[in-house]
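I opened my notebook beside the viewer to go through this one step by step. Here is what I looked up, in the order I looked it up.

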Amino acid sequence: MSSIDRSQAAGGTRTYEVRTYGCQMNVHDSERLAGLLEDAGYVRAPEGSDGDADVVVFNTCAVRENADNKLYGNLGHLAPKKARRPGMQIAVGGCLAQKDRDTIVKRAPWVDVVFGTHNIGKLPVLLERARVQQEAQVEIAESLEAFPSTLPTRRESAYAAWVSISVGCNNTCTFCIVPALRGKEKDRRPGDILAEIEALVAEGVSEITLLGQNVNAYGLDIGDREAFSKLLRACGKIDGLERVRFTSPHPRDFTDDVIAAMAETPNVMPQLHMPLQSGSDAILKAMRRSYRQERFLGIIEKVRAAIPHAAISTDIIVGFPGETEEDFQQTLHVVREARFAQAFTFQYSKRPGTPAAEMDNQIPKQVVQERYERLVALQEEISWEENKKQVGRTLELMVAEGEGRKDDTTQRLSGRAPDNRLVHFTKPEQQVRPGDMVTVEVTYAAPHHLLAEGPVLDVRRTRAGDAWEKRNTEQAAQPTGVMLGLPKVGVPEPLPAAASGCGCD
């Protein structure tokens, strides 16, 4: 009998594990799911429990290729464990649950609870109902029951936080199923957003990332087209909030007042993620992307004029149905002109339920692969060249945790620059904690990171570092938690590679 089994048999606290797939919205939802479970009396399973928790929750994605196969494979792996452990429960939520509904229980009858994107707050109730009634509970709401930010939260970082400003999406991109699963855009009231940020800052958080499927469309639901730029400026007035980021905007709704707010608000960071998807006007039209190449490059030019050191990243899909070599060359042209610091590149694959999946002229896999490799090679070259421009610059970094995989062997630490570039720096003699700030000089550039090999020029201990230290001190005597997936403990990244690709931006 495992330690968890003995605990349960003795009437101990039930444990949980949350496994997260997909975009930042799912990551943020998982923080809510963890908060709900802990509010209901559950505790996180120890690190490495690998499905040995009393409750295992899958927060799923429906837009990744073979998402359903991955889910059912994982569920199949848990089936014998559940058979050996009476009382163990399995729940499936998120976008795939919203889409497939009763199919999940038919294919995996050992699942206890299926819930959707609109009713994550019901998870504890559904688990208890399934336990009492001894049968699966499937509850999928068709519209949002409560804004997720009103729910309890177990945040993954003591010093950096996601703050959701809207849910849902009003766009109709032909490759994306998210609007059908997340619903129409619904905005939070500005006062509620700012109150949450102020509460986070009071707890020690010093960086927030405003989160939405299309953040710069914020305000349409409340009748104010300049609401997003006003929100950025309001964030600039919050004492103790050092860094503000946002993801992701849509070129259609990106306006000059937002650029001005970014440039004129000191704590809004010089970083922008602007999804391109394709550089071809014909393909953009087929995708139902309501902008064209000239409009996109015009935005980039304006941002660079207002914020010269801004790091701009993007999303690009290669091999969309009907894409010709000439169309692909237009994408390469935009990449050369825009000079992205980073690009999240994807090979198009059919997403069931999307118009693009039924389009003619699907591109052969070998053609898509060859174009993809050319795009990646070009972007790698540009990323490296742009990073080399950082050599010699003095930067203030927010110290991060878990972002430098080789830090232990290299005796370095890692941090994020204002533009969100990852910088590995020499460990100073003075103790620094995640959330503290250090000033360094960049000495070397690689395509995906920078090095500061000289001595640290300055260390600034912060309230965020205090918050990290307090959290770790309080948890020292408790079992190590199982990570939700993304983001890692540390500064939330704008679009982690493993979390990108919802195609809703």
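**Entry 1: the whole chain.** I began with contacts, where a contact means heavy atoms within 4.5 Å. Among contacts between residues at least 6 apart in sequence, 76% join residues at least 24 apart. I note here that this is a predicted model. Next I asked how many helices and strands the chain has. I found 16 helices and 21 strands. Burial came next: 58% of the 505 residues count as buried. For the surface, I noted an accessible area of about 20800 Å², with 49% of it belonging to carbon and sulfur atoms.

**Entry 2: salt bridges.** Before the list, a reminder to myself: side chains of opposite charge can pair when their charged atoms come close. The count for this chain comes to 29 salt bridges. I picked out a few of them.

I looked up Lys99 and Asp100, whose side chains meet in a salt bridge at 3.0 Å, N to O. Are the two partners buried or exposed, I wondered? Lys99 is partly exposed, with a relative accessible area of 30%. Asp100 counts as buried because its relative accessibility is 16%, and the cut-off for buried is under 20%.

Then I went to Glu139, which forms a salt bridge with Arg129; the closest N and O atoms are 3.5 Å apart. This pair links distant parts of the chain, with Glu139 in strand S6 (residues 137-139) and Arg129 in helix H6 (residues 123-133), ten residues apart. Arg129 counts as partly exposed, at 30% relative accessibility.

Which parts of the chain does the bridge between Arg245 and Glu207 link? I first noted the distance: the closest N and O atoms are 3.1 Å apart. Arg245 sits in strand S11 (residues 243-247) and Glu207 in strand S10 (residues 207-211), 38 residues apart, so I logged the pair as one that links distant parts of the chain. Both Arg245 and Glu207 are buried. I also found a network: salt bridges that share partners join Glu323, Glu325, Glu370, Arg371 and Arg374.

**Entry 3: aromatic rings.** A pair of aromatic rings is described by the distance of the centres and the angle of the planes, and I kept to that. The structure holds five aromatic pairs. One of them is Phe175 with Phe320, edge-to-face, at 6.5 Å centre to centre and 80° between the planes. Phe175 lies in the loop between strand S8 (166-167) and helix H7 (178-182), while Phe320 lies in the loop between strand S13 (311-318) and helix H13 (325-338), so this pair ties together parts that are 145 residues apart in sequence. Both Phe175 and Phe320 are buried.

I then turned to Tyr291 and Phe296: the ring centres are 6.3 Å apart and the planes are at 35°, so the pair is tilted. Tyr291 and Phe296 are both buried.

**Entry 4: charges over rings.** I logged two cases here. The charged end of Arg107 sits over the ring of Tyr72, 3.8 Å from its centre. Lys388 lies over the face of Trp384, at 4.4 Å from the ring centre.

Entry 5: Most residues other than glycine have a negative phi, and most peptide bonds are trans, so I went looking for exceptions.

Where is there a cis peptide bond? One joins Thr247 and Ser248, with omega about -5°. Ser248 is placed in the loop between S11 and helix H10 (256-264).

For positive phi, I stopped at Gln277, whose phi is near 70°. Gln277 belongs to the loop between strand S12 (271-273) and helix H11 (281-286). With a relative accessible area of 2%, Gln277 is buried.

Arg288 also has a positive phi, near 60°. I found Arg288 in the loop between H11 and helix H12 (293-306). Arg288 is partly exposed, with a relative accessible area of 46%.

Key: Residues are numbered from 1 along each chain as its sequence is written. Side-chain values use heavy atoms; hydrogens and water are left out. Helices (H or I, at least four residues) and strands (E, at least two) are DSSP runs, numbered from the N terminus. Buried means under 20% relative accessible area, exposed over 50%, partly exposed in between (1.4 Å probe, protein chains only). Accessible areas come from the Shrake-Rupley method with a 1.4 Å probe; for residues, only the protein chains shown count as cover. A salt bridge is a side-chain nitrogen of Lys or Arg within 4 Å of a carboxyl oxygen of Asp or Glu. Rings of Phe, Tyr and Trp (its six-membered ring) pair if their centres lie within 6.5 Å; planes under 30 degrees apart count as stacked, over 60 as edge-to-face and the rest as tilted. A charge sits over a ring if NZ of Lys or CZ of Arg is within 6 Å of the ring centre and within 35 degrees of the ring normal.
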